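Dear colleague,

Please find below the structure that I am handing over to you. My notes on it follow.

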Amino acid sequence: MLFKENYRNSKFLKIVLITLSVLLLIIPDLMLHLKKDILSIGVIISKICLLLAGGLILLRITKSYYYTYLIIGIPYILSSIAEIVNIIAVNWYISSDGLKALYYLSDSEVSEFFSKFKIYFLIPLFLLVGYSLVLVYYKKVFYKVRLKNSAIIIAFVLMLVSIGLTVLKLTENSEFYSGKNRIRLALRSGYIYEHPFNFYYRTARLFVTNHRNKLSRDLRNNFKFSVSEDDKRIKPEVVIFVIGEAMRYKNWSINGYSKKTSPGLDAFKNLVSYSRHYSNANCTANAIPLLLTQATAQTYQDAFHQKTIVSLFKEAGYQTNWISSSSGVLRYLDNREESDFFYNLRTDYPDNTDYGIIPTVEKVLSQCEGRQFIVINMRGAHERPPLSFDSFTPNSNFKDYVLSIDNAKVFVNDYDNTILFQDYILSNVIQRLELQGKSSVFLFTSDHATHLFDGGHSLFGYGAAHPTEIETHIPLFVWCSKKYLNNNKPKFDNMQVNRGMLSTNDNLFFTLADLANIKYQYFNRNMSLADSLYIEPESRYVYANNRLFEFNYKDGSNSLLPSNLSK
């Protein structure tokens, strides 16, 4: 009787242990799919079946619960560590762009990332501890393995159940009805893009992409824009192109925001703000190549075969300068040597790099009597503004708040203080140009925008697997000096007319060339916002996670385009 009781207890403990072992390895799936609807529960059951099937096959081979859990657990745990933090941040598995952004983070950005999300790293830490304890228990307690050939049959049945539930979940996906290969779709969407395979697939894609970009260097080095040398139009003396970081259109008072976040820019005349301007990517890693080259979201790989706008201005006789608050962006195209002069503000202004933009611009402007082209990439939302810009409260300047929707107001105020600081920098740069009295053009936009728990939703940050309107709607400001307008008033008038039309960062290369009166082989008047022949597109495209997304403004739809269009 005592033997039977001990046996029952031992069997119950074994079931509890195996259950705990499985749940520990699928925590990312539980975080995403543990919802009330049946299909989401089916996804979790599918993941459990997949894990049990793999476990049974390994157990049949190793004859050991310890080695089975060790072998199958390590890839699951490593994936979980990455996925859990990403799910907390953007409510989905890690994307190619998210991984790419992490790969290119500067030291300061790494510090900022860990500072903001440090409390959430406790979850994977507890997971790692739990996995280790279970593993130790399996090592300590020897369970006899009595598996017969039927184990393989059971594993096969579990796999069929997993696949069936995956296909069932896909029936609510529009791609399921698009005529695509459903087996391939199920494999990709139900397994490759999900835990635990997603993390390793995205990592492999990152290294393949980096290798491919290196092979493109020879093509890029031999590329020429063929700027016309007989063009007699008067070119502006100074052109400044400023790239912001994670800037939202709606949070600037110049664009109608209720808080006074951009008092400096509000006061300028000869400044055009575009109301329907969008990024063509939702993370820096993809946005920068498209901002700096003629490539579009539809021709993304062209960015690695051509030179950037810096070389265009250099061919046109401009001295070229790059002022960088975050030098990591130069790694996306490996183009640090393209400009004549490079200024790394992280060296001289480690505490607040964007503060260094103003004196550096003054220095650059004073060093050359000829024409100058200046690119400035800012830290923007990646850097806490100085305390003197602590205008909107409550915020997290003096108190740490958990990053959650309950504290949304705090993080919105943090962001608005950042906008206030960005406005201060931008308006001071324009003031320096005004004081010079030269023919000057200033253009500012952002790489992408960001979510701020908008509309009560849990999304915060950017880089969502499916790009959203919020994280791609960005500001675009163009200012022109009085001397420039004396010779180019029709261009400014065209910009005023086009300010309400749909535009994207695809247009900026051609717009800057047009504003500078640079004529070259590939120039397209229909793409320039400063041209009377500008053609407003019916759709805009976003390149994200190695795929192309279309937002159609004629019928109000948005969709993922076939993969062959995004190559």
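Among contacts in the protein chain that link residues at least 6 apart in sequence, 74% are between residues at least 24 apart. Please note that this is a predicted model. The chain has 567 residues, 55% of which count as buried. Its accessible surface amounts to about 25700 Å², and carbon and sulfur atoms account for 60% of that area. In secondary structure, the chain contains 19 helices and 14 strands.

Seven strands make up an open sheet with mixed pairing, and their order is S2-S10-S7-S1-S6-S4-S5. The edges are taken by strand S2 (271–273) and strand S5 (341–344); each has a single partner strand, so one side of each is left without a neighbour in the sheet. From one strand to the next, the twist averages 10 degrees. Within this sheet, strand S1 (residues 238–244) and strand S7 (residues 440–446) run parallel and are joined by 7 bridges. One example is Val 239, whose bridge partner in S7 is Val 441.

Helix H19 (residues 508–515) lies across S1, S7 and strand S10 (476–480), and it runs at about 170 degrees to S7.

Another helix, H3 (residues 38–62), consists of 25 residues. From its first C-alpha to its last, H3 reaches 36 Å, close to the 36 Å expected at 1.5 Å a residue. After H3 comes Lys 63, which has a positive phi, near 60 degrees.

Finally, I would draw your attention to one residue, Gln 422, which is found in helix H17 (residues 408–436). Is Gln 422 buried or exposed? With a relative accessible area of 0%, Gln 422 is buried, because the cut-off for that class is under 20%. Which residues is Gln 422 in contact with, leaving aside its neighbours within four places in sequence? They are Met 247, Trp 252, Asp 354, Met 378 and Gly 380. With Asp 354 there is also a polar contact of 3.1 Å between the side chains. Ala 381 lies 41 residues from Gln 422 along the chain, yet the C-alpha atoms of the two are separated by 9.0 Å.

Yours sincerely

Terms used. Residues numbered from 1 in each chain as written. Predicted model: local features only at pLDDT ≥ 70, side-chain atom pairs only at ≥ 80, totals over all residues. Heavy atoms only, no water. Pairing = 2+ DSSP bridges. Helix = DSSP H or I, 4+ residues; strand = E, 2+ residues; numbered from the N terminus. Axes fitted to C-alpha atoms, helices over the stretch in contact; angles between N-to-C directions. Contact = heavy atoms within 4.5 Å. Expected span 1.5 Å × (residues − 1). Buried < 20%, exposed > 50% of the residue type's maximum accessible area, 1.4 Å probe, protein only. Polar contact = N/O pair within 3.5 Å; in protein donor to acceptor, adjacent residues only side chain to side chain. Areas by Shrake-Rupley, 256 points an atom, 1.4 Å probe, with all protein chains shown as cover.
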